[in-house]
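Here is a short tour of some aromatic rings and their surroundings. Have the sequence and the 3D view at hand as you read.

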Amino acid sequence: MSRIAFLIALAGIGGFLYVFVAGSSHTARIEATERSSPLVAQAPMPIQTTIDTPAEQQPAAPANTSTATPAPQAAQANAVDETALRYFARQGDTERLQREIERLQALHPGWQPPADPLADDYAPDEDIIRLWELYSAGDFAGARALIAERQQRDPGFVPSPDLLQSLALGEAAARMRNAASVGEHATVISIAANNPQLLVCASIDNLWTLAEAFARTDAKARAIDAYTYILTNCTDQAERFATLQKAIELLDRADLEPLLALERTDAAGVHEFADLRVDLARRAIAASLEENGAQPLPADVTLLSQDATSSGNAEDLRLLGYYELARNRPNEARRLFQSALDSDRSAQSAEALGVALLQLRDPVAAEAAIADYRSENDTIGELYLAVAAAMLSQEPRIDIGQAPLGRIVDATMAARSANVAQELGWYAYAFQQVQTASEWFALALTWQADLEPAAYGRMVAANALGDTATVETIRTQWSGRSARIAEFGRATTSTAPPVAMPTPAEARPVQAASRPATAPQTETVAAAQAPRTSSGARSCQNYVPAASLSPGAALNHAWCLMGLNRPAQAVDHFARALQSGSENTRSDAAYGQSLAFIRLGLGNEAAVAAAAAPISQQRAAELEIAILTQKATSAYGIGDYARAIDLLDARARFAAERNDLLTLRAWSYYHLRRFAEAERIFSAVAATGYGDAVGGLEAARSALRMRAP
């Protein structure tokens, strides 16, 4: 076969396999020697001229005679140039030493190699030594320059064929690496096709580079051939292990099976790829927890479980635990998380155990598990607050003890958690500590002015303390936003404390009568509170860290949390959903997170969230209306009546004001002592039959009468 025909064959699958066959016998010899350069073949390998001729039957000397090699200058002077031979001896390169002996014997019949190539009585050619040093350092351009310089000084100087071939291969390997580094995979394949001597086990990096080039160019079958060649012919255990590691990153699981079948077992019966099989199982289980992730094979779960149990690997135990949680098996997850914590006393293990215990509705045990780690990071800090709320709101109420209560109070103050503060209020109220309860409700409202359960709790506590002024003030401020506050104390309404705000530990569906009211609703907020089924409620009753969910699952969980009026937790899950690669998912997440911030009374944050991903014009307008509504309501709640009016004016440019907002505007005018404007608006709203405006109308008219001369 001609050289051109050979290269054409090499470009195909059969040609590539032939290159591997051509290198096999040469590789076998190299494996027993110490290698001086990992990227270049250790001895010249002849280019095959026929496919039928095995490599080992080729002549030992280089068969490429396309360029004549002049006789060395030393040979012309009847002296053998032993420079390269002695250089190889000093380097410990026994393969090249033997090849150089064979070459010199062919050139000089009757010549015998020196008994001791390392003898000190030999004076080598310093330029030859320098050339080999430059080659070993990878400075091929420097070596070429030195050859040219020496030939200028000594026109008869001819470097040895071994040196010239080594330089050519070194340069080809360098081009191959450079092409791979910039993603020119077709160039990598071309260089390898033209330099089959590079594809030997002694130059394993070249084989890895070529295999990756095939994989990156969708020639998966040829990539598998490359990895198969390595695992069939190369013996270095570390390199074989690294080979399969690289294959795992580039090939599908099914493509790896024939490679795994080439695994070898040592004298002790240990399988060389055992750790990689565990890693594949680990990847499969982790992938199952991602969005639309496929279920792992049962064999993968069994393998990782056995390995994690025997090794005590906490990370794997946690992964298996979250896998069990995803399968709704919290008891099994708790067992795995407990083992992880026993093996690794870390915040990650404690957090995982706390999550499982919450799903098992055991917040007391969950608090004990994570208490020592509650300040480690924001994630476990958020979990601790959820656990605290669950402990405090258990029905029937239990005495949780001074130490846990002290930790909860410290965490609440540090995080300024309005939700836990109002739960502390209800907890104190349940144990007849009414004044303490009132103070906790007031503090919760300081941190979150529109937290309706805290406002209702403060009203209940004030009523119990006989503070009718506070009761009426709260009624006035909230009558347009909370039906139960507006109706508090009337014959049709019980004054008993309400069922506590739902917490992550509760499994029962939230009753409509106890669901906290929110700020005045726009169409957008109403949509976010669409009726949910009991199954939807159960799907997010249990606390799940946002980071443990895929973006799609986090989005569904966030909307479920919004349905349970738990916007603070929903914010984090919407943030996780914003990491999705799907534009629709990101858009829904940005929209949902804005609504959650609105629900929390954080208008500025809501505006920022709305810009996190593209949303439709209709949604953008709805959010603008909701944000302005929330800001106006919050401004009124803190007594900034002028700003409340300005914000209502801005909102009016987008949508007409409903009766509740008109009433809010009228009360703002009233508090600014603009009684005539307040009276006009109260009168118009009262004429529609809106009962909350009647009291305001009487107050405005009374103020006007008192002002009259």
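Over the ring of which residue does the charged end of Lys246 sit? The ring belongs to Trp208, and the charged end of Lys246 lies 4.8 Å from its centre. This is a predicted model, in which local features need pLDDT of at least 70 and side-chain atom pairs count only at pLDDT 80 or more, while totals for chains, interfaces and linings use all residues. Residues are numbered from 1 along each chain as its sequence is written, and side-chain values use heavy atoms, leaving out hydrogens and water.

**Charges over rings**
- A charge sits over a ring if NZ of Lys or CZ of Arg is within 6 Å of the ring centre and within 35 degrees of the ring normal.
- The charged end of Arg619 is likewise placed over the ring of Tyr591, 4.0 Å from the centre.

**Aromatic pairs**
- The whole structure holds 15 aromatic pairs (ring centres of Phe, Tyr or the six-membered ring of Trp within 6.5 Å; planes under 30 degrees apart are stacked, over 60 edge-to-face, the rest tilted).
- Trp426 and Tyr456 make a tilted pair, with 6.5 Å between centres and 45° between planes.
- Trp426 is buried at 3% relative accessibility (buried means under 20% relative accessible area, with a 1.4 Å probe and protein chains only), and Tyr456 is buried at 4%.

Terms used:
Buried < 20%, exposed > 50% of the residue type's maximum accessible area, 1.4 Å probe, protein only.
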